[in-house]
Amino acid sequence: MCYCCVLDNLPTEPVITTPPPTPITIHDIPWDVSVNIAGRLLVIEPGDRVRFKYRNSEHNVVEVRQSQFLECNTRELMPSFSGFGSLSRGGNDDVELSPPFEEPGIRYFICSLPGHCRAGMKLRISAEKPRPSPDSGCGNCGTLKQSGTL
């Protein structure tokens, strides 16, 4: 068989390709009483995910309202509306991975075990559209900022 003849009969239309999927950025947060992150704000982009790294027998991650966050109020905690967080033993063996933060805005997370929030196990996460920075070589990096205001 003449292979050159077979090649001559191939369609000449361009091949349609789809762009590769946008990579998901995952931000790792050490979630332990020894790492005081209270008062900090993690700024990420919509679509990013957050991985809280901890041992599940010692901590949990619970999404709360702003008022509960400010007061470390662990009373009347409701099941997480975000599909993230656990009231008893969060995560699996070492981590708990959030669903993507799709909507811009600030969300609030604490460890609900006695004394842990007041010891610093609380974090605000703000999903914001990226702002180009001329001096930044990283266009898609989460930043953990010290901030005293909400």
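Trainee: What counts as sitting over a ring?
Mentor: NZ of Lys or CZ of Arg must be within 6 Å of the ring centre and within 35 degrees of the ring normal. Lys 122 has its charged end over the ring of Phe 69, 4.6 Å from the centre. Keep in mind that this is a predicted model: local features need pLDDT of at least 70, side-chain atom pairs count only at pLDDT 80 or more, and totals for chains, interfaces and linings use all residues. Residues are numbered from 1 along each chain as its sequence is written, and side-chain values use heavy atoms, with hydrogens and water left out.

Trainee: Now rings. How many aromatic pairs does the structure hold?
Mentor: Four. Rings of Phe, Tyr and Trp (its six-membered ring) pair if their centres lie within 6.5 Å; planes under 30 degrees apart are stacked, over 60 edge-to-face, the rest tilted. Trp 31 and Phe 52 are edge-to-face, 4.7 Å centre to centre with 75° between the planes.

Trainee: Why does Phe 109 count as buried?
Mentor: Because its relative accessibility is 0%.

Trainee: Which residues form the aromatic cluster?
Mentor: Trp 31, Phe 52, Phe 101 and Phe 109.

How values were computed
Buried means under 20% relative accessible area, exposed over 50%, partly exposed in between (1.4 Å probe, protein chains only).
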